[in-house]
Amino acid sequence: MPELPEVETTVRGLAPVLEGQRIEHVLLNRADLRRPFPVDLGQRLTGAAVTGLSRRAKYGLIDTDRGDTLIFHLGMSGRWRIDPAELGKHDHVVIETARHRLALNDPRRFGSIDLVPTAELGSWPAFKALGPEPLSEDFTAAHLVDAFRDRIAPVKALLLDQRVVAGLGNIYVCEALFLSGIAPTKPAGSIARAKLEKLVASVREVLEAAIRAGGSTLRDYARPDGELGYFAKEWRVYGREGAPCSCGRPVQRRVDSGRSTFYCGKCQR
Ligand SMILES: [Zn+2]
């Protein structure tokens, strides 16, 4: 399932292909993914030039010179294919420029495509209440001190709360808590500021490592039938229940409301 680093990698992979290019054709092979496409999607995109690409949380943003931003979400199984040799049945949205053909492929169809006036992005429902981007300068220990003050909820639950920090998923939260030596169940408000400094650095570290791994995978994909997909990563605790932690103790797993947490009971306090 695509997480923030996959979306970031996708945006970085699409940027050189799309930036400055005019969209000549838009082909919609169905009317919806998780929700209906905007009814005028093809009309508003056709003829528009792409002025820039970026990411917010787990959404990719494609700005056009018509004042619209196409917002894509990869859902559970979405990926963009660049210049596929032929289109497949899961290529639901196809965008053509003079040089390239891009297909949004999504077998499980939990992804989404929206088109929003760029000036209104800040008030778009999914963006309105989002906390800071974890890779931005706004994500600091001071921010976490404020967000965690007097909170007795487990730190892990608050890190997964998109109002506290945008776009962090289960894998990266487990890994960042391990790197910073914080028990996932620790009441957020009880964590010392020095530990929060370490946590902020750890969140950045795990995300940046995954983006770097994605970047190298991306080069492997830079073939005529290139796809922007996902990359496997060696995790320190995630998915490693029973395997030895670097301290020698087995990695533990607990399940809360259906979601697994992996951690080391010795290294994380
Ligand atoms: Zn350990």
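Is Ile152 buried or exposed, and what is the relative accessibility of Ile152? The legends below take up this question and others on a predicted model.

**Figure 1. Ile152 and Asp150 in the loop between α4 and α5 of the predicted model.** Ile152 has a relative accessibility of 75% and counts as exposed, because exposed residues are those over 50%. The position of Ile152 is in the loop that runs between helices α4 and α5. Along the sequence, Ile152 and Ser190 are 38 residues apart, yet in space their C-alpha atoms are 7.7 Å apart. Asp150 is found in the loop between α4, which covers residues 141-148, and α5, which covers residues 155-159. With a relative accessible area of 72%, Asp150 is exposed. The phi angle of Asp150 is positive, near 65 degrees, in a residue other than glycine.

**Figure 2. The whole chain, shown for orientation.** The secondary structure comprises seven helices and eleven strands. The radius of gyration of the chain is 20 Å, close to the 18 Å that the globule rule gives for 269 residues, so the chain is as compact as a globular protein of that length. Along the principal axes, the C-alpha atoms fill a box of roughly 55 × 35 × 30 Å. Of the 269 residues in the chain, 51% are buried.

Figure 3. How many of the eleven residues of helix α6 are buried? The count is eleven of eleven for this helix, which spans residues 170-180, so helix α6 is largely enclosed by the rest of the structure. The buried residues of α6 include Asn170, Tyr172, Cys174, Glu175, Phe178 and Ser180. Ile171, Val173, Ala176, Leu177 and Leu179 are also among the buried residues of α6. Just after the helix, Gly181 adopts a positive phi of about 70 degrees.

**Figure 4. Gln21 in the loop between α1 and β1.** This loop joins α1 (4-18) to β1 (25-28). Gln21 has a relative accessibility of 14% and therefore counts as buried, the limit being under 20%. Which residues are in contact with Gln21, leaving aside its neighbours within four places in sequence? They are Ala48, Ala49, Val50, Thr97 and Arg99.

**Figure 5. Ile82 in strand β5.** Strand β5 covers residues 79-82, and Ile82 is placed in this strand. Ile82 is buried, its relative accessible area being 14%. Ile82 and Ala103 are separated by 21 residues in sequence, while the distance between their C-alpha atoms is 6.6 Å.

**Figure 6. Arg163 in the loop between α5 and α6.** Is Arg163 buried or exposed? Its relative accessible area is 59%, and Arg163 is exposed. Not counting residues up to four places away in sequence, Arg163 touches Ala129, Leu130 and Gly131. Arg163 and Trp80 are 83 residues apart in sequence, and their C-alpha atoms are 28 Å apart in space.

**Figure 7. Glu120 in the loop between β8 and α3.** The loop that holds Glu120 lies between β8 (112-117) and α3 (125-128). Glu120 is partly exposed, with a relative accessible area of 44%. Glu120 and Pro2 are 118 residues apart along the chain, and a distance of 26 Å separates their C-alpha atoms.

**Figure 8. Ser257 in the loop between β10 and β11.** Strand β10 covers residues 252-256 and strand β11 covers residues 259-263, with Ser257 in the loop between them. The relative accessible area of Ser257 is 82%, and this residue is exposed. Although Ser257 is not a glycine, its phi is positive, at about 35 degrees.

**Figure 9. Cys247 and Cys267.** Cys247 has a relative accessibility of 29% and counts as partly exposed. Cys267, at 30% relative accessibility, also counts as partly exposed. How many disulfides are counted when a disulfide is a pair of cysteine sulfur atoms within 2.5 Å? The count comes to zero.

Definitions and conventions. Residues are numbered from 1 along each chain as its sequence is written. This is a predicted model: local features need pLDDT of at least 70, side-chain atom pairs count only at pLDDT 80 or more; totals for chains, interfaces and linings use all residues. Side-chain values use heavy atoms; hydrogens and water are left out. Helices (H or I, at least four residues) and strands (E, at least two) are DSSP runs, numbered from the N terminus. The radius of gyration is taken over C-alpha atoms; the globule rule is 2.2 Å times the number of residues to the power 0.38. Buried means under 20% relative accessible area, exposed over 50%, partly exposed in between (1.4 Å probe, protein chains only). A disulfide is a pair of cysteine sulfur atoms within 2.5 Å. Contact means heavy atoms within 4.5 Å.
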